[in-house]
There are 2 protein chains.
Amino acid sequence: MKKLINRPQMVVRESLAGLALAHPDLVEVHTDPTYVLRAGGRVPGKVGIVSGGGSGHEPMHAGYVGRGMLDAACPGDIFTSPTPDQIEQASRAVDSGAGVLHIVKNYTGDVMNFEMAAELCRAGGITVEAVVINDDVAVRDSLYTAGRRGVGTTVLAEKICGAAAERGYDLQQLAGLCTRVNANGRSIGVALTSCTVPAAGRPTFEIGEAELEFGIGIHGEPGRERLPMQPAQAIVAMMARAVTGDLGLRRGEQVIALVNGMGGTPLIELYIVYHELARICQAMGVGIARRLIGSYITSLEMAGCSITLLRADDELVGLWDDPVHTPALRWGV
Amino acid sequence: MKKLINRPQMVVRESLAGLALAHPDLVEVHTDPTYVLRAGGRVPGKVGIVSGGGSGHEPMHAGYVGRGMLDAACPGDIFTSPTPDQIEQASRAVDSGAGVLHIVKNYTGDVMNFEMAAELCRAGGITVEAVVINDDVAVRDSLYTAGRRGVGTTVLAEKICGAAAERGYDLQQLAGLCTRVNANGRSIGVALTSCTVPAAGRPTFEIGEAELEFGIGIHGEPGRERLPMQPAQAIVAMMARAVTGDLGLRRGEQVIALVNGMGGTPLIELYIVYHELARICQAMGVGIARRLIGSYITSLEMAGCSITLLRADDELVGLWDDPVHTPALRWGV
């Protein structure tokens with residue numbers, strides 16, 4: 001294992017310390033328990049949005065804290081759920097009285113701990129709604145998950161709900177919006193290499209020099225099948241078929257597309273993937289209204305990519321275009 | 001070699017086609033010869049800024065075309081200089097009569113071809129100034145270079161000069177500014193793994209499981225020395241010493257810092273590197289006025305990072321803060 005780290009058990013803490021030093025205008029990093037708060041804390045009258053999950057998926061979630069996106073993020077250790085008290089403290093820190101939306105990726109530990117946190121919050125007088133993202137079409141159940149895993153649609157949900165909260169949507173409206181984003185978002189990923197969890201020190205799984213894992217999870221969980229390596233055109237065609245088929249996309253519809261790198265894949269390849277995806281969408285008569293291309297929900301240094309398509313209407317596109325100012329995503333400001 | 005590509009000889013073309021499909025509001029990709037033009041072409045009254053070089057360093061340079069940065073980029077094949085006619089055509093396409101600034105990284109082929117292009121431009125009545133970036137403190141001469149190589153300061157020079165051109169700096173002022181940025185910028189890189197040029201199909205160099213290359217070039221050129229792998233703290237201390245020493249940074253000065261991933265290094269590690277760098281600068285009494293953390297000048301999928309420090313004054317920081325809207329860098333708009 002070669003990584004630009006110090007001790008494995010300090011990776012998350014030191015990386016967050018770097019985030020805090022880099023972006024004091026955007027975020028405050030709290031410890032004991034650990035959460036990343038939007039600089040300045042709660043915004044009067046606005047619903048607070050909190051997300052979180054295991055670390056190792058950077059910039060998700062801490063990189064999405066700031067105006068127009070998250071009010072707080074709760075990072076667990078690498079690929080480990082945050083604890084209920086992290087989530088409860090973060091929720092308290094962002095609640096202005098308008099309530100708090102939890103955006104939760106569907107992993108058993110995350111769901112359980114967010115549920116416990118929500119109960120603690122409610123006992124303390126904070127209104128909480130939670131929406132679970134389960135957009136990964138690869139497999140029905142998985143290593144850490146009952147039902148579908150939550151992956152790329154989470155990034156889109158955080159951006160869109162973050163914008164809506166700034167516009168003044170109330171908690172019920174936001175929960176409905178987030179549910180609608182989840183219902184209309186689908187993802188699938190492929191891995192060309194494994195990743196190595198620092199504390200483990202060895203690759204999470206073995207993969208041959210001429211193989212790819214189709215339907216990989218963001219923690220290296222097994223996907224649908226191990227396939228021989230093939231050209232980008234064939235890989236993206238399979239990925240697009242899986243996503244568009246499950247979503248039931250029809251001619252004339254429009255989407256927001258995320259072509260996401262897993263952490264070890266360079267941008268030059270992601271634009272080749274986008275090229276293939278755009279041609280497929282064009283042939284299907286599906287318009288790509290907006291797109292995001294880069295490494296936004298990663299699996300440490302894994303090589304590979306995922307594709308997320310979100311069926312979009314004018315409301316979602318408008319919210320997408322609203323200003324955002326976070327360490328990892330910024331426009332309009 | 002496992003990459004998300006089709007045929008190796010189509011990598012650059014297909015990636016640029018993806019860029020064009022993704023960002024039609026920002027860039028136009030021209031072929032025969034290949035160059036990437038700011039959407040809408042020349043800006044009346046403004047000096048045009050053209051850069052370029054081998055591909056494989058994405059998002060540099062094509063990802064920096066747009067308002068507030070480059071007017072055109074000339075991508076060569078992977079790690080191969082662009083041809084004089086690419087550069088000449090791009091320069092013609094951006095010249096509004098105010099002249100054209102060429103920002104050139106110091107590699108023998110790039111310098112030669114930009115010089116030939118400048119002569120062709122001048123013969124055609126276009127005023128051209130060229131500034132060569134040579135900020136890599138690692139080695140004096142290198143595989144493809146006489147003198148120091150041009151690396152991370154190029155990104156900062158393109159942003160700062162792009163802003164100045166929008167403000168109305170004339171060609172002489174811009175060339176002076178770019179020369180000043182180069183004179184005050186220093187970089188050094190480390191590699192943990194090699195990269196693989198698609199057409200070669202095998203790693204550019206061999207490196208052991210417990211080794212790092214200190215002073216790596218962005219094409220995998222040898223650096224200062226092969227060292228045993230060590231913690232981030234020790235690596236960053238060596239890097240910072242090399243850069244701050246060469247720059248002669250003194251207590252009370254301020255810098256713009258770039259912590260750059262080589263393509264295969266995840267953000268969680270880059271923030272650990274930034275954490276170490278920020279602590280070193282603080283101990284030295286050097287202020288980090290602005291910072292950029294991410295993969296901005298890459299070497300395909302190489303794992304590793306580089307650090308660039310630019311001694312900054314109010315003019316440079318002000319220009320840094322000006323709006324920019326390109327595929328890879330965006331703020332203030």
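Reply: Rings of Phe, Tyr and Trp (its six-membered ring) pair if their centres lie within 6.5 Å. Planes under 30 degrees apart count as stacked, over 60 as edge-to-face, and the rest as tilted. The model is predicted. Over all chains, the structure holds 2 aromatic pairs.

Take chain A to begin. The ring centres of Trp320(A) and Trp331(A) are 5.4 Å apart, and the planes meet at 50°, so this pair is tilted. Trp320(A) belongs to helix H8 (residues 314-321) of chain A, and Trp331(A) to strand S14 (residues 330-331) of chain A, so the pair ties together parts 11 residues apart in sequence. Are these two residues buried or exposed? Trp320(A) is buried, at a relative accessible area of 3%. Trp331(A) is buried too, at 10%.

Chain B has its own pair. Trp320(B) and Trp331(B) are tilted, with 5.4 Å from centre to centre and 50° between the planes. Trp320(B) sits in helix H8 (residues 314-321) of chain B and Trp331(B) in strand S14 (residues 330-331) of chain B, so here as well the linked parts are 11 residues apart in sequence. Both Trp320(B) and Trp331(B) are buried.

Asp322(A) lies in the loop between H8 and strand S13 (324-325) of chain A. Its side chain meets that of Arg167(A) in a salt bridge, 2.8 Å from N to O. Arg167(A) is in helix H4 of chain A, and the two partners are 155 residues apart. Asp322(A) is buried, with a relative accessible area of 17%. Arg167(A) is partly exposed, at 46%.

Helix H4 of chain A covers residues 153-167. At 1.5 Å a residue, its 15 residues should span 21 Å, and the end C-alpha atoms are 21 Å apart, which agrees. H4(A) is mostly covered, with 13 of its 15 residues buried. Gly168(A) follows the helix and has a positive phi, near 105°. Glu166(A) takes part in a network of salt bridges with Arg38(A), Lys46(A) and Asp71(A).

The side chains of Glu166(B) and Arg38(B) meet at 2.7 Å, N to O. Glu166(B) is in helix H4 (residues 153-167) of chain B and Arg38(B) in strand S2 (residues 35-38) of chain B, so the pair joins parts that are 128 residues apart in sequence. Glu166(B) is partly exposed, at 34% relative accessibility. Arg38(B) counts as buried, at 12%.

Last, the two chains together. A rotation of 180° with 0.0 Å of shift along its axis superposes chain B on chain A, with an RMSD of 0.0 Å. That is the relation of a two-fold axis. The same surface serves both copies, as 100% of the contact residues of chain B recur in chain A. In all, 55 residues of chain B are in contact with 55 residues of chain A. The area buried between the chains is about 4500 Å², and carbon and sulfur atoms give 65% of this. Lys2(B), Leu4(B) and Ile268(B) lose the most area on the chain B side, together 21% of what that side buries. How many salt bridges are there between chain B and chain A? The count is 0. Over all chains, the whole structure has 32 salt bridges.

Notes: Residues are numbered from 1 along each chain as its sequence is written. Chains are lettered from A and ligands numbered from 1 in the order in which they are written. This is a predicted model: local features need pLDDT of at least 70, side-chain atom pairs count only at pLDDT 80 or more; totals for chains, interfaces and linings use all residues. Side-chain values use heavy atoms; hydrogens and water are left out. Copies are superposed by least squares on the C-alpha atoms of residues with pLDDT of at least 70 in both. Contact means heavy atoms within 4.5 Å. Helices (H or I, at least four residues) and strands (E, at least two) are DSSP runs, numbered from the N terminus. The expected span of a helix is 1.5 Å times one less than its number of residues. Buried means under 20% relative accessible area, exposed over 50%, partly exposed in between (1.4 Å probe, protein chains only). Buried area is the accessible area (1.4 Å probe) that two parts lose on being put together, summed over both. A salt bridge is a side-chain nitrogen of Lys or Arg within 4 Å of a carboxyl oxygen of Asp or Glu.
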